[in-house]
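Dear colleague,

Please find the structure below. My notes on it follow, beginning with a question.

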Amino acid sequence: MEIVAQRPKSLRDVQFTYCPGCLHGVAHRLIAETMDEYGIRDNTMGIAPVGCSVFAYKFFDCDMAQAAHGRAPAVATGMKRARPDMVVFAYQGDGDLAAIGTAEIVHAANRGENITVFFVNNAIYGMTGGQMAPTTLPNMKTTTSPYGRDVNDIGYPIRVSELLNTLEAPYYIERVSLLSVPDTIKAKQAVKKALKYNIEGKGFTFVEFISTCPTNWGIDPNKSKDWAKENMLPYFKLGCFRDKEKDNGGK
Ligand code: SF4
Ligand code: MG
């Protein structure tokens, strides 16, 4: 039986620029499917980052803008405040969000901006050639840490979801993974929740996807998922850190 996957309307019919086996495409699909399901494509503004997903503005079929490196949450803030009737989301990787964009994500979350930030964490800078990121694991080798990340010298990897969970304002924060089918189904639920709260005007929502970078890790795509399960998940634990709807008695 031939299985034909339908392209969500919220994704354009253009070829991704991602490496074969990269999971950015899966994250895009989950977001696009959710936009279709909520019927918000004509009323949504996405902000593309700098990094491998820099061309997200070519892939999502909604209004899109391109932010300078790390500034997507600041641009999203401006867009949302100018057009409060629109659903606004930012899409960022870990090099973009957790390094040069640290101030933007922390302050947008702290202000409780009514935006959604989708954060793809693969523990490395992808587009620029596999450099160490703030999320690179202890002892993990990258092009700028060829002997492994030395935490005594460089510090420990930043757990962004936990960091944002220390703030009062965020409405919803969850870390999911794209490393298996069951986890991807759970990831879709998180995307749906985040955008639902966004549509309802509840406040700042954040979904972190644990992902892979087969190219810069030098591991084939399927083994990359196993590597991430064994090495990333113990450090970046999956789960919902914040759901004010539940805290208020909702489901
Ligand atoms: Fe994906 Fe890594 Fe290739 Fe970037 S460099 S597209 S994260 S596999
Ligand atoms: Mg990255």
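Which residues lie nearest the centre of the largest pocket? They are His24, Gly51, Cys52, Gly126 and Met127, in a lining of 28 residues.

Two remarks on conventions come before the rest. The model is predicted, so that local features need pLDDT of at least 70 and side-chain atom pairs count only at pLDDT 80 or more, while totals for chains, interfaces and linings use all residues. Residues are numbered from 1 along each chain as its sequence is written, chains are lettered from A and ligands numbered from 1 in the order in which they are written, and side-chain values use heavy atoms, without hydrogens and water.

**Pocket and cavity**

The largest pocket holds about 330 Å³ of space. On a 1 Å grid over the protein atoms alone, a pocket is an open set of points with protein on both sides within 12 Å along at least five of seven lines, a cavity is a set where a 1.4 Å probe fits but cannot get out, and lining residues have an atom within 4 Å of a point. Grid points are joined across faces, edges and corners, and a volume is the space filled by probe spheres set on the points. β3, α4 and α9 (214–217) each give two or more residues to the pocket lining. Its classes are 12 nonpolar, 14 polar and two charged residues (Ala, Val, Leu, Ile, Met, Phe, Trp, Tyr, Cys and Pro count as nonpolar, Asp, Glu, Lys and Arg as charged, and the others, Gly among them, as polar).

One cavity of 30 Å³ or more is found in the whole structure. The largest cavity has a volume of about 50 Å³, and its lining comprises eight nonpolar, one polar and no charged residues. Among the lining residues are Leu97, Thr102, Ile105 and Leu163. At least two residues of this lining come from each of α4 (94–100), α5 (102–111) and α7 (160–164).

**Fold**

The protein chain has 11 helices and seven strands (DSSP runs numbered from the N terminus: H or I of at least four residues for helices, E of at least two for strands). The seven strands form an open sheet of mixed pairing, in the order β2-β1-β3-β4-β6-β5-β7, where two strands pair if DSSP finds at least two bridges between them. Because β2 (63–66) and β7 (239–243) each have a single partner strand, one side of each is left without a neighbour in the sheet. Strands β4 (residues 116–121) and β6 (residues 205–210) run parallel and are joined by six bridges; asparagine 121 stands opposite isoleucine 210 in β6.

**Helix packing**

Helix α3 (residues 72–82) lies across β1 (44–48), β2 and β3 (87–93), at about 175° to β3. Axes are lines fitted to C-alpha atoms, for helices over the stretch in contact, and angles run from 0 to 180 degrees between N-to-C directions. Helices α3 and α5 pack at about 35°, with their axes 8 Å apart. Their contact (heavy atoms within 4.5 Å) includes Pro73 and Arg81 of α3 and Glu104 and Arg111 of α5.

Yours sincerely
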